[in-house]
Amino acid sequence: MVCGIGERWGVSRRSLGIGESGAAGSCWREGSGISMAVKADLSQPDQVDAMFRQIESVWGGVDILINNAGIAQQKLFTDITNEDWNAMVGVNLSGVFYCCRAALPYMIRQKAGSIVNVSSMWGICGASCEVHYSAVKAGVIGLTKALAKE
């Protein structure tokens with residue numbers, strides 16, 4: 001879901017919620033802002049790039065990116081499959097990386113912009129039965145701190 005009130009926003013989410021249009025690319029006026037739903041699997045860099053090209057075609061770029069997409073799963077470490085691990089890393093960490101990488105050229109070009117990466121306290125202290133979730137959220141924290149220094 002991307003929306004804006006006076007600025008161009010990019011909000012990355014895993015799926016559309018209740019009451020949202022569900023039709024990718026549809027725009028509607030709500031108050032003084034404009035919203036647009038864009039369907040993309042954030043674990044796939046080509047889909048993220050296509051999403052940002054669509055955003056650019058409508059608004060010319062992104063001023064603010066909020067990486068809020070995420071999945072969670074509770075399993076003992078010994079029960080986590082390769083598919084579980086790859087899905088967790090793909091959405092919760094790679095998706096943040098891909099969205100930041102796609103948004104930054106717009107922000108650098110205009111010498112302005114903000115990125116908000118949503119993580120979790122489990123990325124700091126870890127959680128029982130959520131090793132893979134805790135690991136990727138720690139990765140988001142590290143990515144955010146390192147990117148801020150650039």
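In what order do the elements of the protein run from the N terminus on? In this predicted model, in which local features need pLDDT of at least 70, side-chain atom pairs count only at pLDDT 80 or more and totals for chains, interfaces and linings use all residues, the order is β-β-β-β-α-β-α-β-α-α. Residues are numbered from 1 along each chain as its sequence is written, and side-chain values use heavy atoms, with hydrogens and water left out. The secondary structure comprises four helices and six strands, taken as DSSP runs (helices H or I, at least four residues; strands E, at least two) numbered from the N terminus.

Of the 150 residues in the protein, 36% are buried (under 20% relative accessible area, with exposed being over 50% and partly exposed in between; 1.4 Å probe, protein chains only).

Helix H1 (residues 45-59) and helix H2 (residues 82-110) have axes that come within 8 Å and cross at roughly 35°, the axes being lines fitted to C-alpha atoms over the stretch in contact and the angles running from 0 to 180 degrees between N-to-C directions. Contacts (heavy atoms within 4.5 Å) join residues of H1, including Val-48, Met-51 and Phe-52, to residues of H2, including Tyr-98, Ala-102 and Tyr-106.
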